[in-house]
Amino acid sequence: MTTTMAAVRAWRGPAILSYGFRPFFFLGAAHAALMVALWVPWHLGFLSIPSAFPPVAWHAHELLFGYVLAIVAGFLLTAVPNWTGRMPVVGWPLAALVLLWLLGRLVVAASDLLAPSIVVIASLAFPVALLAILGREIAAARNWRNLKILATIAVLTIAQGVFHWEVERFGRATYGDHLAIAAAIVLIIIVGGRIIPSFTTNWLKRANPGPLPTPHDGFDDAASLVGACALALWVAAPALSGLEYVLASILFVAGVLNVIRLARWRAWRSFAEPLVLVLHVAYAFVPIGFFFAVAAILYGPDVSATAATHAWAIGAIGLMTLAVMTRATRGHTGRALTAPPATVAIYLFMLIAVAARITATLVPETTMITLPLAGTGWVTAMLLFCIAYGPAIWRPRLG
């Protein structure tokens with residue numbers, strides 16, 4: 001069987017098409033920067049774009065189904081061949097997949113000029129194609145362990161369809177955006193549960209001998225299952241009138257279990273290496289989001305619910321994707337697995353973004369300062385990734 005690396009080396013075209021992470025990490029980050037750079041002034045009334053989506057809906061759609069799906073695609077198109085032992089998607093088939101993603105971004109941005117059916121079909125083409133490719137690889141290799149990851153991509157695809165239907169009918173999304181956030185957090189719970197203790201263990205064995213992260217066991221499975229159930233109930237919350245205290249209890253338990261899970265990975269022992277530490281910090285926003293969701297139910301939905309959404313969307317999803325993007329890019333392009341100053345700056349700007357965005361929610365009178373600050377932090381983090389990692393992404397692997 002041809003190995004993944006042999007297939008990659010057999011590609012003689014542009015390096016950008018030699019691995020799934022290359023085009024999707026770079027274009028995803030560039031799009032994320034542009035999307036927020038346009039959305040903040042649009043939201044504040046200083047400009048507009050020809051989208052049929054209202055500003056908040058467009059912003060949510062492009063974060064969840066533009067940026068997130070791009071990074072998930074880049075990660076899985078790189079990781080799944082290693083999990084299955086099958087050849088990766090490289091070269092012109094990869095380019096075709098990238099073009100489908102770009103088509104989705106263009107039709108949503110210009111949706112006011114197009115028929116709604118064209119917008120839906122064009123924007124769903126990418127996740128459907130990605131789902132088909134990953135499903136084929138997992139089924140062909142009988143790699144059934146990763147069906148749950150495939151299921152999260154299917155949920156993201158369904159969520160995008162629901163999102164379009166809700167915006168077309170009601171002018172906003174109620175279930176589609178929450179379903180997508182929940183699917184992304186479940187993916188972090190699953191994949192984070194694999195890579196965070198693994199990467200931490202590898203680094204500690206080399207650099208800081210002593211107690212290692214607790215190996216995966218039944219507690220991790222329980223924390224993951226409760227977390228997934230809590231997120232499903234959170235999505236369904238608008239239809240669960242009268243069950244608020246039950247939902248709050250389950251969300252609280254999910255938060256506590258994930259705090260304990262994180263503690264078992266011994267984050268405090270990895271402070272010397274930001275490339276490892278950032279994974280723990282990003283995962284910490286998973287339980288933080290659960291606790292904000294509890295507060296929204298018990299003390300005030302208008303404020304705390306939005307805080308929960310942004311703790312998950314910017315803190316857990318934004319920071320975790322950048323943590324994975326920087327590490328994967330360094331590893332797959334032959335660079336040392338350590339965080340230079342520019343990489344640390346990427347993480348810090350994303351932390352500024354999540355802190356400012358949550359502050360804008362909890363202290364609304366600061367919005368005119370904290371919302372632009374959050375946007376600046378996000379845009380700067382994404383642009384720094386493109387600048388610092390673009391040369392590695394666009395050029396052949398070192399060595």
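Guide: We will go through the cavities, then a surface patch, then the salt bridges. This is a predicted model, in which local features need pLDDT of at least 70 and side-chain atom pairs count only at pLDDT 80 or more, while totals for chains, interfaces and linings use all residues. Residues are numbered from 1 along each chain as its sequence is written, and side-chain values use heavy atoms, with hydrogens and water left out.

Visitor: Which residues lie nearest the centre of the largest cavity?
Guide: Lining residues have an atom within 4 Å of a point. The largest cavity has 15 of them, and V72, L187, I188, M320 and T321 lie nearest its centre.

Visitor: Which helix gives the most to that lining?
Guide: Helices are DSSP runs (H or I, at least four residues), numbered from the N terminus. In this model α7 gives the most to the lining of the largest cavity, with six residues. Helices α3 (55-84), α7 (176-207) and α11 (301-332) each supply at least two.

Visitor: How do the lining residues divide by class?
Guide: Ala, Val, Leu, Ile, Met, Phe, Trp, Tyr, Cys and Pro count as nonpolar, Asp, Glu, Lys and Arg as charged, and the others, Gly among them, as polar. The lining of the largest cavity has 13 nonpolar, two polar and no charged residues.

Visitor: What about the second largest cavity?
Guide: Its volume is about 40 Å³. Among the residues that line the second largest cavity are L76, V80, I133 and E137. Helix α3 gives the most to this lining, with four residues, and the classes are nine nonpolar, no polar and one charged.

Visitor: Which residues make the nonpolar surface patch?
Guide: Patches are made of residues with over 30% relative accessible area and no salt bridge, nonpolar side chains (Val, Leu, Ile, Met, Phe, Trp, Tyr) being joined within 5 Å. Areas come from the Shrake-Rupley method with a 1.4 Å probe, and for residues only the protein chains shown count as cover. Here F252, V253, V256 and I260 make a patch of about 310 Å². V256, in helix α9 (residues 244-263), is partly exposed at 31% relative accessibility. Buried means under 20% relative accessible area, exposed over 50%, and partly exposed in between (1.4 Å probe, protein chains only).

Visitor: How many salt bridges does the structure hold?
Guide: A salt bridge is a side-chain nitrogen of Lys or Arg within 4 Å of a carboxyl oxygen of Asp or Glu. The structure holds six. In one of them, E137 meets R86 at 2.8 Å, N to O. E137 lies in helix α5 and R86 in the loop between α3 and α4 (91-109), so this pair ties together parts that are 51 residues apart in sequence. E137 is buried at 6% relative accessibility, while R86 is partly exposed at 28%.

Visitor: Which residues are linked in a network of salt bridges?
Guide: D217, D220, R261 and R264 are. Within this group, the closest N and O atoms of R264 and D217 are 2.6 Å apart, and R261 meets D220 at 2.9 Å. Both R261 and D220 are buried.

Terms used
1 Å grid on protein atoms, 1.4 Å probe; cavity = no way out; pocket = protein on both sides within 12 Å on 5 of 7 lines; lining within 4 Å. Points joined across faces, edges and corners; volume = space filled by probe spheres on them. Patch = residues over 30% accessible without salt bridge, like charges linked within 9 Å, V, L, I, M, F, W, Y side chains within 5 Å.
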